[in-house]
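I opened my notebook to look up how this chain is put together. Here is what I went through, entry by entry.

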Amino acid sequence: MTVSVLVAILVLVIAVVVYVAGSVRRLGRYREQTVQSLHLVDVEIERRHAQLVPFLDAAEESGLSADLLLQLSGARSWSKAVRERGLGLQTQAAAENALSAAFHSVLAEADAGRNVLGNWAFQGPAGELIVTERRIAGAVRVYNDTAYRLSQAVGTFPSSIVAKSRSVSAPEPFVETREQSDEQRSVQAVA
């Protein structure tokens, strides 16, 4: 072997080592960002659960629709149950979306009826919940962005080899998916 062949092999080995080290650092950084952003989502969701208690009390005292308040209370219970049982991020996203929809239905009725316009006992908790809703949406957006980045790194060759060797897998997105009914599947099968 000549010196130039040895130098070429050495350069190639150094390049591979540098690439693997960079991939390990990048995957670790993406994984940590994903974990931290999911923790932020959890914190904001817990904040919303705590803020719903005074909101529900104030809404009940304001004479808002008992049906809407029952839906909101049920959606809150469903959301807590999904989180406590660890049913997965897609199921959790569905529960959280249902909770947001129920909350906004109560707000829409309050705005339409205008019977809580000057009621600070209602407006204070409502305002806090509106801010928390925005914070949840932002936290979910950050989580999904970091989860997507990690998924891309895990699924792209050659970093997928490094990910597999380090047992890094693609995270589940925090989005609601709709299961297809048997009827929809049969229509697609016929088409």
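I started with charge: the mean positions of the 19 positive and 20 negative charges of the chain lie 13 Å apart. I counted Lys and Arg as positive and Asp and Glu as negative, leaving out His and the chain ends, and placed each charge at NZ of Lys, CZ of Arg, CG of Asp or CD of Glu.

A note on ground rules: this is a predicted model, where local features need pLDDT of at least 70, side-chain atom pairs count only at pLDDT 80 or more, and totals for chains, interfaces and linings use all residues. Residues are numbered from 1 along each chain as its sequence is written, and side-chain values use heavy atoms, without hydrogens and water.

Next I looked up the fold, and found 6 helices and 0 strands (DSSP runs, H or I of at least four residues for helices, E of at least two for strands, numbered from the N terminus). The radius of gyration, over C-alpha atoms, is 25 Å, well over the 16 Å of the globule rule for 191 residues, so the chain is more spread out than a compact globule. That rule is 2.2 Å times the number of residues to the power 0.38.

Then I checked the inside: 32% of the 191 residues are buried, meaning under 20% relative accessible area with a 1.4 Å probe, protein chains only. The largest nonpolar core has 20 residues, and F55, L64, L72, V106 and F122 have the most contacts inside it. Such a core is a set of buried Ala, Val, Leu, Ile, Met, Phe, Trp, Tyr and Cys residues joined through side-chain atoms within 4.5 Å. I saw that α3 gives the most to this core, 6 residues.

How values were computed:
Buried < 20%, exposed > 50% of the residue type's maximum accessible area, 1.4 Å probe, protein only.
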